[in-house]
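I opened the file to look up a few residues and wrote down what came back. The entries follow in the order in which I looked.

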2 protein chains.
Amino acid sequence: MVREMSREECLGLLGERFVARLGCHADGETFVVPISYALDGERLVGQTSVGRKVEMMRANPSVCVQVDDVKALDDWRSVIVWGEYRELSAGEKPSVARLLIDKLSGGIGNESRSPRDVTPDRVSGRYEGVVYAIRIEKMTGRAESPNE
Amino acid sequence: MVREMSREECLGLLGERFVARLGCHADGETFVVPISYALDGERLVGQTSVGRKVEMMRANPSVCVQVDDVKALDDWRSVIVWGEYRELSAGEKPSVARLLIDKLSGGIGNESRSPRDVTPDRVSGRYEGVVYAIRIEKMTGRAESPNE
């Protein structure tokens, strides 16, 4: 059976995972892209370079972020978050960058690499180092277990 | 290094996987949701019940579908597809339903269950059995391997 997840369960899954799928929309086009992130209280934070997704979120900051743990088609959890994209100021960046390094280094083969190096956007060759937050404004979660 | 994937590599990843993240947009809201799917030539096909995502795609059929295989933050492949959502006619449904059963039964613990049973939308309790296709109109893929 599919069941609704509680808010605590949703935040628990967001805290466990480090890859999300970010959905944004601008100029009539929807874009879904994987991001690495960390949960920082009631917001998701990430670091990237200026590329397509940043340009789209600057145009339309209303975004949707989906995080899941799919073990099988009848054994999964999925959380969907809606919120507003906001770029952090220079003063806000250091503590969030530290959080990202602490959280994401476990997911990187070579731990000497910083999270800035792990976003697909770096293929563009531009490293403007945007650090951003998406505050959780609305959230839903559903889960299924084979034994339920 | 992050590299661009060829069209053949992109289609290869789409054929391997059975869970995608579908992004749609209507009435000012973006929605990202996991779907099960199969690759059918140059289109993605799926089956679901009428719920939020179907209502949004009927309002705006321009969608984005993202498929990935993330082993680590420096070892991943990701393909993004843009296309138009279209619901299949009664005559088109049987062969696609068969394809979905063949493809998806491997991902289900209890193989006696049909793919119709595995979509999160069934929590709504409505089983109108939409079978749909998203023809690949544009596609990009990027990959990274730790040894490259």
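Entry 1. The model is predicted. I began with B:Cys24 and found a relative accessible area of 0%, so this residue counts as buried.

Entry 2. I then asked which cysteine sulfur is closest to that of B:Cys24. The answer is the sulfur of A:Cys64, at 8.7 Å. The cut-off I applied is 2.5 Å between the two sulfur atoms.

Entry 3. I looked for disulfides over all chains and counted zero. A:Cys24 is accordingly in no disulfide, and its nearest cysteine sulfur belongs to B:Cys64, 8.6 Å away. I also looked up the accessibility of A:Cys24: the relative value is 0%, so I put this residue down as buried.

Entry 4. I moved on to B:Glu16. In chain B, this residue lies in helix H1, which covers residues 7-16. Is B:Glu16 buried, exposed or partly exposed? Its relative accessibility is 46%, and I therefore recorded it as partly exposed.

Entry 5. What does B:Glu16 touch, leaving out residues up to four places away in sequence? I found B:Arg77 and B:Lys103. With B:Arg77 I also found a polar contact between the side chains, at 2.9 Å.

Entry 6. Last, I took the C-alpha distance from B:Glu16 to B:Val67 and got 9.9 Å. In sequence, B:Glu16 and B:Val67 are 51 residues apart.

Terms used:
Residues are numbered from 1 along each chain as its sequence is written. Chains are lettered from A and ligands numbered from 1 in the order in which they are written. This is a predicted model: local features need pLDDT of at least 70, side-chain atom pairs count only at pLDDT 80 or more; totals for chains, interfaces and linings use all residues. Side-chain values use heavy atoms; hydrogens and water are left out. Helices (H or I, at least four residues) and strands (E, at least two) are DSSP runs, numbered from the N terminus. Buried means under 20% relative accessible area, exposed over 50%, partly exposed in between (1.4 Å probe, protein chains only). Contact means heavy atoms within 4.5 Å. A polar contact is a pair of N or O atoms within 3.5 Å; within protein, one must be able to donate a hydrogen and the other to accept it, and residues adjacent in sequence count only if both atoms are side-chain atoms.
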